[in-house]
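Good morning, everyone, and thank you for making time for this short talk. Please have the sequence and the model open while I speak, so that you can follow along.

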Amino acid sequence: MFGKRSYGVIAVGILLVMTLFLLLFGSRLFTDIEEEAHITQENRIVVGVSQLGSESGWRTANTESVQNAFTQQNGYFLIFHNARQKQENQLKAIRSFISQRVDYIIFSPVVETGWETVLQEAKEAGIPVILMDRKVDVEDESLYVTCVGSDFEEEGEKAGHWLEGELVRQNRSSQSVNIVILAGTEGSSSQIGRSAGFATVADRHGNWNILEEKCAEFTSTKGKEVMKTFLRRYPDIDVVVSQNDDMTFGAIEAIKESGRTVGVNGDVMIISYDALGDALEMVADGTINVDIECNPNQGEYLLEVIDMLEAEEPIEKRYYVEEDVFTIENVTEEVLNGRTY
Ligand code: GZL
């Protein structure tokens, strides 16, 4: 209908009109957006979050759940800091939140001890502190409002109870069983609780030999390295208890490279924690015998706690997230497809 030349004239005309619009209204447009951001920032609840690191798939999911909860749309201004596994970085971040006078401080303590002073500073600044995932070991429990996370001792006992039942099923409950344990970050409440819970059950069985428990930092690299050491030291390992799936992935690699087999039909039983989607695929195919779930989706729980604090409603000292135990019997397609981490 129009020749090429006409299209060119039309295009230039449109460009001219757009340029004119931006010159006349553009600055107001951006000012409005900026003012809008400023106004909503003033009215938003400011939350400082110190996340301990990004060492595992679990931690990534935990971070995502927090970032998906404390959004501008939900009325929050989130200041998020990753401490890269170092307590001194968490201490610095918390002090920075205090100097910025945030409304709330949330943090996942990399280890249980060494927090009294900074928590006292937050208390004196009148800033409520909420623990996420892991606990702190403090005399004065008024230094934090509440803790949202898992019952790690119960998780450890769940692992022990599963092994009790499995040995009965295999008709091996009176035979000698050699166990090695890949432990998480030393002094973290997940390591302390899982070790203690499993030991509570193991102590009831004189035929369970815990050959060695060694820290592998919750990472797959370290899990493989420590498992290689165990394989060199102990030729007849029957069970590996690995305190998170990332260490389990590394350990399974090391066991297979040594020529031994793992899982439901293998000669080394694998007990893992976290229940990441990738790990549940390995439960479904029999590589991992059992996976004790540790739920990282704590953002919604934390949101609810702050809503209650804002409404000055009474708060419990502890909120536990819901968790399951997965074996080949209950890891269905529906479970695998429904996994959010
Ligand atoms: C558990 C959490 C642990 C996970 C690991 O609540 O603290 O830390 O089990 C993570 O995967 O690194």
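This is a predicted model: local features need pLDDT of at least 70, side-chain atom pairs count only at pLDDT 80 or more; totals for chains, interfaces and linings use all residues.

Let me start with strand β1, where I45, V47, V49 and Q51 point one way, while V46, G48 and S50 point the other way, and all of these are buried. By buried I mean under 20% relative accessible area, with exposed being over 50% and partly exposed in between, using a 1.4 Å probe and protein chains only. Strands, like helices, are DSSP runs numbered from the N terminus, with at least two residues (E) for a strand and at least four (H or I) for a helix.

Residues are numbered from 1 along each chain as its sequence is written, and side-chain values use heavy atoms, with hydrogens and water left out.

Which strand does β1 pair with? Its partner is β2, residues 76-82, which runs parallel to β1 and is joined to it by seven bridges, and in that pairing V47 stands opposite L78. Two strands count as paired if DSSP finds at least two bridges between them.

Now to an open sheet of six strands, whose order is β7-β6-β8-β9-β10-β12, with mixed pairing. At its edges are β7 (208-215) and β12 (325-327), each of which pairs on one side only, and the twist from one strand to the next averages 15°. Strands β6 (residues 177-183) and β7 pair in the parallel sense over seven bridges, and W208 in β7 is the bridge partner of V177.

Two helices lie across strands of this sheet. Helix α6 (residues 189-202) lies across β6, β7, β8 and β9, at about 170° to β7, whereas helix α7 (residues 220-233) lies across β6, β7 and β8, at about 155° to β6. For these angles, axes are lines fitted to C-alpha atoms, for helices over the stretch in contact, and the angles run from 0 to 180 degrees between N-to-C directions. Contact, here and later, means heavy atoms within 4.5 Å.

Let us look at one residue, T248, which is found in helix α8 (residues 245-257). Is T248 buried or exposed? T248 is buried, because its relative accessible area is 1%. Its side chain reaches the backbone oxygen of N244 at 3.0 Å, and a polar contact of 2.6 Å joins the side chains of T248 and S272. A polar contact is a pair of N or O atoms within 3.5 Å; within protein, one must be able to donate a hydrogen and the other to accept it, and residues adjacent in sequence count only if both atoms are side-chain atoms. Not counting residues up to four places away in sequence, T248 touches S242, I270, S272 and I288.

Finally, the ligand. There are 13 residues around it, of which E55, D133, R134, R194 and D274 come nearest, where near means that a heavy atom of the residue lies within 4 Å. A polar side-chain atom of S56 is 3.0 Å from an oxygen atom of the ligand, and a side-chain N or O atom of R59 also lies 3.0 Å from a ligand oxygen atom. For S190, the distance from a side-chain N or O atom to an oxygen atom of the ligand is 3.1 Å.
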